[in-house]
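Look at the structure, then read on.

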Amino acid sequence: MSGMPAEGRSGEQRARPILKNAGQGHASWKASVAAETPPLAPQPIDRCGQTVSGEQFNSGGMSVETIDTPVLIVGGGPVGLSLAIDLGWRGVEALLIEQERPTARMVHPRMDNVGIRTMEFCRRWGIVEAIEMAGFPRDLPVSIVYATGVLGHELARDVYPDKAHAVPPPFSPQKHELCPQNFFDPVLQNAASSYSTNQLLYQHRLEEFEDKGDHVIAHVRPLLGGEPLCVRAQYLAACDGASSTVAQRLSLGPTNSKVLSCSTNIFVRCPALAQKTLAQRAYRYVLVGPEGVWGSFVNIDGRDTWRLQLLGDETWPNWSEAQINTFVRRGIGADVDYEVLSWLPWSRREITAPKFSSGRCFLVGDSAHQLSPTGGYGMNTGIAEAVDLSWKIAAVLEGWGGPTLLESYDTERRPIAMRNVSQASANLAAMRSVPPEPMLLDQGPAGETARRATGAYTQQAMQREWRSFGIHLGAVYRNSPIVVAESFERAEPDVANFVQVAEAGGRAPHVWLSPGHSTLDLFGRGFVLLEFASEVGAAVGGLTRAAHAVGLPIRHQLIPEPNTIAVYGRRYALVRPDGHISWIGDAIPEEPARLIDRIRGAGGVQGTSALRTLPLSMGSVAS
């Protein structure tokens with residue numbers, strides 16, 4: 001055993017990796033941060049390939065050229081990369097800057113769960129197979145064990161299959177994936193760089209910016225040397241994380257920051273754990289002691305690397321090497337050889353920014369909200385925000401998006417973020433609700449009784465965290481200015497008992513139209529008018545002509561299958577590029593132009609009561 005923690009200092013902390021004997025198949029995880037190795041994603045460049053104007057600006061006496069780009073993305077984590085991918089998929093040029101190297105997050109990965117809604121977006125982008133084959137073993141059962149240690153007393157177990165044998169639930173064409181950040185980031189980097197419209201600048205830092213009203217000017221400094229850059233963008237997306245420079249300078253930082261706990265991640269290499277748990281392998285171990293739940297151990301690469309997470313308390317830790325090793329030995333639950341790779345304290349917070357946008361600048365991901373990782377909602381919430389913002393920016397740049405379309409980003413996404421932040425905190429509270437049990441480690445009958453009771457309680461208390469499909473798929477954009485709804489009287493979906501429902505503002509339900517072809521595969525490129533009937537209604541032509549008159553891309557899709565009709569429940573559903581329903585009803589409005597204006601952010605219709613409808617009529621679409 002060699003206990004070699006990173007240097008422990010209060011305040012700013014950087015994990016120092018101790019890397020030896022890199023295993024095959026996951027060398028990127030073993031790459032030293034200090035080594036100047038070639039990045040896995042696009043090489044940093046000194047100039048982006050966008051249009052360069054003749055305008056000059058002065059920076060410290062140095063005159064440089066101004067780079068024009070429609071969208072400047074600040075931050076190259078999973079959320080920023082997802083925004084670049086979706087914009088690239090839509091043909092919108094974007095420049096992404098990231099102050100770290102492409103491999104920076106691979107040594108201390110922060111996430112492991114790619115949620116089911118994120119996987120639906122990845123299906124659209126064509127990268128599902130790349131994620132599945134990214135490097136995480138497909139034969140590792142993703143079971144959850146409640147135990148006193150990985151090799152200690154097992155208290156209870158939730159049995160789940162490995163990803164090679166898991167099947168999607170009936171309400172989605174995809175399933176959530178385990179793809180820790182050391183595997184996930186390279187997939188996203190490669191996908192983002194595959195679009196000629198994207199430029200990724202690593203080791204470039206945003207120094208300052210200014211919203212000029214009709215554009216944003218940003219000053220960017222290359223950290224490897226060279227001339228500073230001036231970027232002139234139509235829009236700026238802040239995907240720069242919890243300490244967002246953009247949010248701070250826009251005065252959009254949280255007014256009240258609630259610290260839930262000061263936790264610590266400890267990364268350990270321990271081949272013996274995989275060998276000794278081979279008969280009953282599992283991905284996650286919830287660690288329970290006489291005091292209650294105190295941490296978790298996760299097989300982060302599915303092989304010999306593990307992440308021990310200490311729940312902590314309100315006190316910022318300043319662990320010694322001896323303390324770190326004590327935690328590791330306790331979490332393992334037996335005397336085996338291991339090596340501490342790195343460790344890093346961090347604050348578990350509950351934060352939502354007061355606004356997600358200001359002028360031409362938008363907060364996306366952790367710059368807009370921070371939440372406990374209990375549930376794995378953080379990155380997935382940010383990626384859903386990126387998709388929401390992407391289609392709206394594309395619509396405005398293409399000329400058919402109205403003046404209030406981008407304003408709806410805050411209206412739609414902020415309430416969802418608040419819901420997710422709250423649920424993540426509730427998951428943490430459930431984990432902490434496990435009562436102390438002083439007899440838990442007793443080797444006699446009293447200990448056996450205590451372990452059975454504690455295991456049953458802990459297992460039941462944490463089920464909502466493992467089954468929260470409603471968080472990922474149940475977002476409904478209530479009171480959105482670009483959604484037309486009769487009412488929003490339906491109760492908020494239960495996160496643990498998700499039932500897909502076709503309603504205005506909600507995700508359009510998945511139904512298999514044919515083997516391998518989902519209703520979700522119809523969405524993304526513009527709007528889709530779904531009609532659940534055997535023949536086309538006569539009023540459909542009026543709606544599509546109204547859309548074409550203002551340049552709104554729309555496609556009509558006739559679906560006669562009875563099972564799909566039963567799921568949607570209405571004759572028509574108008575689905576947005578992000579897969580949410582703009583309007584649903586049994587008859588096309590008599591004034592379809594007003595409906596089109598509303599859903600593109602150019603009208604003020606407040607509900608279907610303001611839209612008279614035509615009686616149903618069967619026939620051909622009018623030319």
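A charge sits over a ring if NZ of Lys or CZ of Arg is within 6 Å of the ring centre and within 35 degrees of the ring normal. The model is predicted.

Q: Which residue lies over the face of Trp-89?
A: The cut-off for a charge over a ring is 6 Å from the ring centre. Here the distance is 3.6 Å. The residue over the face of Trp-89 is Arg-525.

Q: How many strands are there in the protein?
A: The protein has both helices and strands. Its helices number 16. The strands number 25.

Q: What percentage of the residues of the protein count as buried?
A: Buried means under 20% relative accessible area. The protein has 623 residues. The share that counts as buried is 60%.

Q: How many residues of helix H9 are buried?
A: Helix H9 covers residues 378–398. From first C-alpha to last it reaches 31 Å, close to the expected 30 Å. H9 is mostly covered. Of its 21 residues, the buried ones number 18.

Q: Which residue just after H9 takes a positive phi?
A: H9 ends at residue 398. Just after H9, a phi of about 100 degrees is found. The residue is Gly-399.

Q: How many aromatic pairs does the structure hold?
A: Rings pair if their centres lie within 6.5 Å. Ring pairs also link Tyr-235, Phe-356, Phe-362 and Tyr-409 into a cluster. In the structure, the aromatic pairs number 16.

Q: Are the rings of Tyr-285 and Trp-306 stacked or tilted?
A: Their centres are 6.1 Å apart. Planes under 30 degrees apart count as stacked and over 60 as edge-to-face. The planes here stand at 45 degrees, so the pair is tilted.

Q: How far apart in sequence are the parts that Tyr-285 and Trp-306 tie together?
A: Both residues are buried. Tyr-285 lies in strand S13 and Trp-306 in strand S15. The pair therefore ties together parts whose separation in sequence is 21 residues.

Q: Are the rings of Trp-391 and Trp-400 stacked or tilted?
A: Trp-391 and Trp-400 are both buried. Their ring centres are 6.4 Å apart. Their planes stand at 20 degrees, so the pair is stacked.

Note on methods: Residues are numbered from 1 along each chain as its sequence is written. This is a predicted model: local features need pLDDT of at least 70, side-chain atom pairs count only at pLDDT 80 or more; totals for chains, interfaces and linings use all residues. Side-chain values use heavy atoms; hydrogens and water are left out. Helices (H or I, at least four residues) and strands (E, at least two) are DSSP runs, numbered from the N terminus. Buried means under 20% relative accessible area, exposed over 50%, partly exposed in between (1.4 Å probe, protein chains only). The expected span of a helix is 1.5 Å times one less than its number of residues. Rings of Phe, Tyr and Trp (its six-membered ring) pair if their centres lie within 6.5 Å; planes under 30 degrees apart count as stacked, over 60 as edge-to-face and the rest as tilted.
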